[in-house]
Amino acid sequence: MSRPETAARAAGAGHDDWDVIVIGAGAAGLMCAITAGARGRRALVIDHANKVGKKILMSGGGRCNFTNTGTTPAQYLSANPHFCKSALARYTPADFIALVDSHGIAWHEKELGQLFCDGSSKQIVRMLLDEAEAVEVQVRTHCSVGDIRRLEQGGFVLATTSGRLACESLVIATGGLSIPSMGASGFGYELARRFGHEVLPTRAGLVPLTLSGKHLERINDLSGVALDISAHCKGVAFRNRMLITHRGLSGPAILQISSYWRPGDELRLDLLPGEDALAWLQRQQHERGAAELKTVLSEHLPRRLAQRLCEVWLESRPMRQYTPAQLHDIATVLSAWPVVASGTEGWRTAEVTLGGVDTRGISSKTMMSNTVPGLFFIGEVVDVTGWLGGYNFQWAWASGHAAGSVA
Ligand SMILES: Cc1cc2nc3c(=O)[nH]c(=O)nc-3n(C[C@H](O)[C@H](O)[C@H](O)COP(=O)(O)OP(=O)(O)OC[C@H]3O[C@@H](n4cnc5c(N)ncnc54)[C@H](O)[C@@H]3O)c2cc1C
């Protein structure tokens, strides 16, 4: 009878044998390895890029919006909105804040529960590397993976550019497709398919919207104009800043709604958020009947936008000349300004990838594959995508922690 082949022996002479190998040294991968290392597991993190945590470094304008104190499952998009609940409940923003505090990293809340480093994103990467070192996790950059073989008795053997590696548990933490210049690759999806997992269609999220033809021509010379709006699409609304760009629309409110918008969907912008537009117009008519609409609007909206609205969508007259029905129509334009977007700026500028490894094939408690024991998927490669505001890192920490607790 032949002896069972172990992962270590299958890797051959001179192999590197590990309890856990994590592919992807980003937020989720590092957290997973640190958690596994703290349990006494021998963990190795490999990454094909030249340095770890590139997205952490570039995040939050260089200050890393590392979590959101208001995190709940409601801020995540997924074909299964329940999937993220377990991991998020077991590793919370307070847990990550405690870690940040224990490293003496100063932080502040910017708005809406969003926590940023006072100094630099580099402090978060340094913290993760220090934590990894403290529990003897090894991290190897410049390491690409080719063939991955699963052994019948359990375990995996990987052919990599730094030799053959063997492990009991293999964690896929390769992230999404956004910003290919930062090391993003479709490797995690390809691997998931190779192991029989479904991958839901991916698309760019948290991304500026583009306009074309007359829709763009009407506003592109207003590039640089910014204002508070509320963006509405398919029953979802976000109130925040919007920026007009020379290709279309950007700013936090637009990035947020972009994750819900698909080509052909109706998108409407409330240019007077928090205000009853009709009541406001009626008040203006009553108090300043001689003032022209464009003057009144310019006092509430950026002047160039107010003027453009009156050139293209509205007709500017002294306020007293409008009938109640006309005031009603103006209120509709101001509170539900229709925007016809043609697309998004795509992977080059998207902050996240929507879709990904289908959660139906993964345990929400452990992030382990339901069909391939020892194989885990964490972070952005999974079909769980957060809103803008620190929610994506919180998912990376939480899902990494969930897997690292058992891998
Ligand atoms: C510009 C920008 C700003 C952002 N700002 C924020 C923010 O402030 N707050 C927030 O919550 N979220 C932010 N995000 C989103 C956040 O960065 C991601 O959701 C998060 O990094 C996902 O973590 P991850 O570990 O799953 O993947 P990543 O952090 O993307 O890590 C994946 C790692 O896998 C490696 N990899 C990929 N393919 C391979 C391969 N074939 N072999 C080996 N290694 C591979 C990559 O090099 C990378 O190091 C931002 C994103 C961008 C693009």
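## Contacts along the chain

Let's start with how the chain meets itself: in the protein chain, 73% of the contacts with a separation of 6 or more link residues 24 or more positions apart. Here two residues are in contact if their C-beta atoms, placed from the backbone, lie within 7 Å.

Please keep in mind that this is a predicted model, where local features need pLDDT of at least 70, side-chain atom pairs count only at pLDDT 80 or more, and totals for chains, interfaces and linings use all residues. Residue numbers run from 1 along each chain as its sequence is written.

## Overall build

The C-alpha atoms of the protein chain fill a box of roughly 95 × 40 × 35 Å along the principal axes. Of its 407 residues, 48% count as buried, meaning that 20 or more other C-beta atoms, placed from the backbone, lie within 10 Å of the residue's own. The protein chain has 14 helices and 21 strands; these are DSSP runs numbered from the N terminus, with helices being H or I of at least four residues and strands E of at least two.

## Two domains

An automatic or database domain assignment gives domain 1 (7–203 + 354–404) and domain 2 (209–344). Their centres, taken over C-alpha atoms, are separated by 40 Å. Domain 1 brings 5 residues to the contact and domain 2 brings 4 residues. On the side of domain 1 that touches domain 2, there are 4 nonpolar residues, 1 polar and no charged. In this grouping Ala, Val, Leu, Ile, Met, Phe, Trp, Tyr, Cys and Pro are nonpolar, Asp, Glu, Lys and Arg are charged, and the others, Gly among them, are polar.

Strand 16 (residues 267–270) pairs with strand 13 (residues 226–233) in the antiparallel sense over 3 bridges, and Ala-231 stands opposite Leu-269 in strand 16. Strand 16 also pairs with strand 17 (residues 337–339), again antiparallel and over 3 bridges; there, Arg-268 stands opposite Pro-338 in strand 17. Pairing requires that DSSP finds at least two bridges between the strands.

## Around the ligand

The ligand has 36 residues around it, and Gly-24, Gly-26, Gly-175, Gly-183 and Gly-379 come nearest. A residue is near a molecule if its C-beta atom, placed from the backbone, lies within 6 Å of it. The shell divides into 15 nonpolar, 16 polar and 5 charged residues.

Helix 2 (27–38), helix 3 (54–58) and helix 14 (391–404) each supply at least two residues of this shell. Helix 14 gives the largest share, 4 residues.

Note on methods
Buried ≥ 20, exposed ≤ 12 C-beta atoms within 10 Å, placed from the backbone.
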